[in-house]
Amino acid sequence: MRILESISFDLMIPEATLDHIIRSAPYRYKVFEIDKRDGRTKRTIAQPARELKALQYWVMDKVLSTFPIHGAATAYRKGRSISTNAAKHAPTRFLLKMDFKDFFPSITGEDFEAFWAGRNGIDLSREDIVRLKKILFWNRRREGRLVMSIGAPSSPMLSNILLYDFDKKVQAFCAKKKVKYSRYADDLTFSTNRPNVLREVEIQIAEICKRMEHPKLQLNPEKTVHASRGGARRVTGLVLANSGEVSLGHARKRLIRAQVHHFLAGRLNPDEAAKLRGMLAFVNSVEPAFIQRLRAHYGTAEIDQIINP
């Protein structure tokens, strides 16, 4: 495959124009900040320009889709969700949650090149690998290097691909210890019915991260959590009930009931109503029985009015 010729042919962009876009691709981003969930810190979003986003989608379809993603990776994959990620751990007694610090920006263009260096038999020139790197990575100017951006459509798939070896090593260790493992982006979750094993896991994961050269990821110790059925257990925002099921949790259900009430009273604007519609779609994928309880309380026609306006 010759990247320049292939993209030019598929997207009907002259090669000279395409070459100019690719050379300047790491700078073709709109950068802004949003509040993190803690309400105190900001998250930097770098959104690619329209012409660059088209190239990223092409790379996802023609190049990235040919690489494997480990079964433990549950984020950004068709047929998988935060619900399937949490459900894996619901039946077990003991839980460990760990988190990567600055996940996407920690993955760099150098990591991408190192990944290709280990892929023998793939017919891509050095020049084309550099082109792919420029298409996929953002130049965060304060650092002067290419990093994965939060906002590029290619970043989720690419992160799963580049962490395949990490997931493989972690899964192999966990299998020996009879521990379940899943990763939802930067959230690592481990569970078992065997007491005291998860302390070993915590130490081993830190050691695996320390030894990894590409990508070089750091754990956030402030977000490491051990839990058991004696206390609250949450995985990717969902509650693991002692019954072995996944639940939305009481607080979220109260919020949804309040929003449904406000909608039926005509107090939600169109944007708020659309947000509620999305929330109910999420509820239906996680805890469909709650949708049925809403229908029983407010009426089937009323709930359908929200879901299918």
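Tutor: The questions that follow set values against definitions.

Tutor: This is a predicted model, in which local features need pLDDT of at least 70 and side-chain atom pairs count only at pLDDT 80 or more, while totals for chains, interfaces and linings use all residues. Residues are numbered from 1 along each chain as its sequence is written, and side-chain values use heavy atoms, with hydrogens and water left out.

Student: How many helices and strands are there in the chain?

Tutor: The chain has 14 helices and 11 strands. Helices (H or I, at least four residues) and strands (E, at least two) are DSSP runs, numbered from the N terminus. Along its principal axes, the C-alpha trace spans about 60 × 50 × 35 Å.

Student: Why is Lys-178 called exposed?

Tutor: Exposed means over 50% relative accessible area, buried under 20%, and partly exposed in between (1.4 Å probe, protein chains only). Lys-178 has 62% relative accessibility and therefore counts as exposed. Lys-178 lies in the loop between helix H9 (164-176) and strand E6 (180-184), and has a positive phi of about 60° although it is not a glycine.

Student: What makes Tyr-76 partly exposed?

Tutor: Its relative accessible area is 44%, which falls between the limits of 20% and 50%. Tyr-76 is found in the loop between helix H3 (50-62) and helix H4 (82-87). Tyr-76, although not a glycine, also has a positive phi of about 60°.

Student: Which residues does Arg-93 touch?

Tutor: Leaving aside residues up to four places away in sequence, Arg-93 touches Thr-192, Asn-193, Ala-227, Ser-228, Arg-229 and Arg-233. Contact means heavy atoms within 4.5 Å. Arg-93 and Arg-233 are 140 residues apart in sequence and 9.7 Å apart in space, C-alpha to C-alpha. Arg-93 is partly exposed, with a relative accessible area of 42%.

Student: What makes a set of residues a nonpolar core?

Tutor: Such a core is a set of buried Ala, Val, Leu, Ile, Met, Phe, Trp, Tyr and Cys residues joined through side-chain atoms within 4.5 Å. The largest one here has 62 residues, of which Phe-100, Trp-116, Phe-166, Leu-188, Phe-190, Val-201 and Ile-205 touch the most other members. Helix H10 (residues 197-211) gives the most to this core, with six residues. A second, separate core of 26 residues includes Leu-238, Ala-273, Met-279 and Val-283. In soluble globular proteins, nonpolar side chains tend to be buried together.

Student: Why are H1 and H2 called roughly perpendicular?

Tutor: Helix H1 (residues 3-11) and helix H2 (residues 15-23) pack at an angle of about 115°, with their axes 10 Å apart. Axes are lines fitted to C-alpha atoms, for helices over the stretch in contact, and angles run from 0 to 180 degrees between N-to-C directions. Angles of 65 to 115 degrees count as roughly perpendicular, under 35 as roughly parallel, over 145 as roughly antiparallel, and the rest as oblique. H1 and H2 are therefore roughly perpendicular to each other.

Student: Which residues make the contact of H1 and H2?

Tutor: Leu-4, Glu-5, Ile-7 and Ser-8 of H1 meet Glu-15, Leu-18, Asp-19 and Ile-22 of H2.

Student: Where does a cis peptide bond occur?

Tutor: It joins His-214 and Pro-215, with omega about -15°. Pro-215 lies in the loop between H10 and strand E8 (225-228).
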